[in-house]
Amino acid sequence: MIDQRLFKLTEKKNLIKLVLVRLFSLALSIIMWWQIAGKLANYLAGEPVNLLPLILTLIAVIILKALSNKWSERLTYRASADLRLKLRHQVMTKAFRLGKSQEQLPQATLAQLSVDGIEQLEIYYARFLPQLFYCVLASLLIFATLVQFAVFPAIILLICMPLIPVVIMSVMKIAKKILDKYWTRYTDLGAKFHENLSGLATLKAYHQDEARQKNAKDSAEQFRKITMRLLSMQLNSITVMDIISYSGAALGIGLALISYQNGQISIMGVLMFVLLGAEFFIPMRQLGSLFHVAMNGISACKKLFDYLALPEQIYGEKDMNHVSEIQFKHVDFGYTDYALALKDVSLEFKKGHFTAIVGQSGSGKSTLVQLMLHRFQDYQGQIVWDQLELQELSHKSLTNLSTLVDNKGYIYPMSIRDNLLLGNKTASETELWRVLSEVQLIDFVKGRPYQLDEILNENGSDLSGGQRQRLLLARALLKKSDVYIFDEITSGVDLASEEIILDCLKQLAQKKIIIFISHRLYNVLSADQIYVFENGRIVEAGTPEELQAQTGYFNNYFAEEVEVFSGGQ
Ligand SMILES: Nc1ncnc2c1ncn2[C@@H]1O[C@H](COP(=O)(O)OP(=O)(O)OP(=O)(O)O)[C@@H](O)[C@H]1O
């Protein structure tokens, strides 16, 4: 019932403190009931009753209980905040590390797990679990108090008490399957909803929206059914727990009354059984009411930890501050067993060089850079960063040394400044304006009412294609890494932006390793070195002049491109 992986993630300290504070509060209640029962017993026996000590005790108990409740709330908050932050951080790190691998979850499922899943897990961890431990200890404390008055009724109460956790555990066993289905249907529905919303314009354009709507309706209906099954099972289990709680309290009190009738227990003892009988089962009842939310939390917990346990890239331990050369030596790589995406690739990227990779769609250009950045690892041959094998390089060094800019880069719905600062959070105002000037966006930003503080639309939908790419480039320039990889960043942008971007890259190439992937051969005519890819192989390599002098792939493609751009004349 308790996933040990949770405790490896967070400190138990807060939970232990929480249980102790609650026990302290219960001990205060016992003292209060003891006093009340004592005074009542005196009164019933016709003895004089001095109310002052009782009133003073009540005031002290109320104050201390209020303080301990506040403390307990604070501890609950701390435990839950700690868990939520750590888990969300881990999920995000995992999502980043898994990247586009086959195991990666759909975006919507990932969002549901890291929002709803973690919220429900928080209730399980910070409320249900401390309550469970508290229940066991509270029952023992109350038993230890009541057993002093009458052994048999106290033992009966103690025997009834574990019935509730037993019910909880057996319901959990039955519920496991339903819960698994519940979460699967829930995330499926979320993923479908997200998918349909993202592709709504396409669905409408091809008149597929009605069919999709029906499909989504079926999923929603399945989710409704499983939710109803889950709810009815939870309600039934709460009813069973209520019956046990109230019958247990009634049994204990009844037995105490019988013992009183038989003269085996004092009036004070009976009063203590009546007052503490309810107290005995209240924690159990609270446990039951947290139970149904906690059950979802347990299911979410399993899904979250299964996600976190997915195999990911293994990085090396060695750090590197600078790199001036990257070499591929006879590298083979395939996404599947039956086809190689890269075949016997040997090449080098050097500092101070603008290296272009060209080739038709599907020829392996992006795969090459993904391998270079260690996004996949099952390759044959060697990839060497200076003298270091890629497998030995630490993840931190790899991310510090390299920047990949492609046309999928994201612009957040926040200010231009904040979007730029993602590249380097310590960049000064002057640096921000400098990079904006390099990508020639300075006039555009100055023309905006709030300039750097202008809030952009989600993914830069209020920017033109060229402005968007130049902003992504400005952000990348701020990072100041040694290696820059530009994957099709000029595709679909206007000619003016294309020229600005290329000028920037040429400047950058004086001091950095620049790898530029492009379909457009015109863009690579000023490169220092070009590699032409075809079906995963390098079919030509050389300077633009050398390649243009040959009658090979490059020249043929280039001739075709010139023809297309000149309108086929
Ligand atoms: N994640 C993947 N899983 C399986 N196969 C893949 C994956 N990514 C790419 N491929 C396959 O690997 C081959 C090379 O793809 P890659 O994306 O490297 O080509 P590319 O030259 O960059 O193409 P483009 O210019 O269209 O982006 C293609 O046959 C492609 O279908």
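In this predicted model, strand β3 (residues 353-359) is joined by 6 bridges to strand β8 (residues 513-518), and the two run parallel. Within this pairing, F354 has I514 of β8 as its bridge partner. On β9 (residues 529-534), β3 finds another parallel partner, this time through 5 bridges, and here V358 stands opposite V532. Strand β3 is also mostly covered, with 6 of its 7 residues buried.

These pairings belong to a wider arrangement. Strands of a sheet pair through backbone hydrogen bonds, in either a parallel or an antiparallel sense. The sheet here is open, holds 6 strands in the order β6-β7-β8-β3-β9-β10, and has mixed pairing. Its edges are formed by β6 (402-406) and β10 (537-542); each has a single partner strand, so one side of each is left without a neighbour in the sheet. On average, and with direction ignored, neighbouring strands are turned by 15 degrees against each other. An antiparallel contribution comes from β9 and β10, which pair over 5 bridges; in this pair, F533 has I538 of β10 as its bridge partner. Helix α16 (residues 495-508) packs on the sheet, where it touches β3, β7 (483-487) and β8, and its direction makes about 150 degrees with that of β8.

N535, although not a glycine, has a positive phi of about 50 degrees. This residue sits in the loop between β9 and β10, and N535 is exposed, with a relative accessible area of 54%. Q451 likewise is not a glycine and has a positive phi, near 50 degrees. Its place is the loop between α14 (442-446) and α15 (465-479). With a relative accessible area of 31%, Q451 is partly exposed.

Helix α4 (residues 107-146) packs with helix α9 (residues 267-308) at an angle of about 150 degrees, and their axes lie 5 Å apart. Since angles over 145 degrees count as roughly antiparallel, α4 is roughly antiparallel to α9. The crossing of α4 and α9 is left-handed. As for composition, the residues of the contact between α4 and α9 divide into 30 nonpolar, 8 polar and 3 charged.

Key: Residues numbered from 1 in each chain as written. Predicted model: local features only at pLDDT ≥ 70, side-chain atom pairs only at ≥ 80, totals over all residues. Heavy atoms only, no water. Axes fitted to C-alpha atoms, helices over the stretch in contact; angles between N-to-C directions. Helix = DSSP H or I, 4+ residues; strand = E, 2+ residues; numbered from the N terminus. Parallel < 35°, antiparallel > 145°, perpendicular 65-115°, else oblique. Left-handed = near helix turned anticlockwise from the far one by under 90°. Nonpolar A, V, L, I, M, F, W, Y, C, P; charged D, E, K, R; others polar. Buried < 20%, exposed > 50% of the residue type's maximum accessible area, 1.4 Å probe, protein only. Pairing = 2+ DSSP bridges. Contact = heavy atoms within 4.5 Å.
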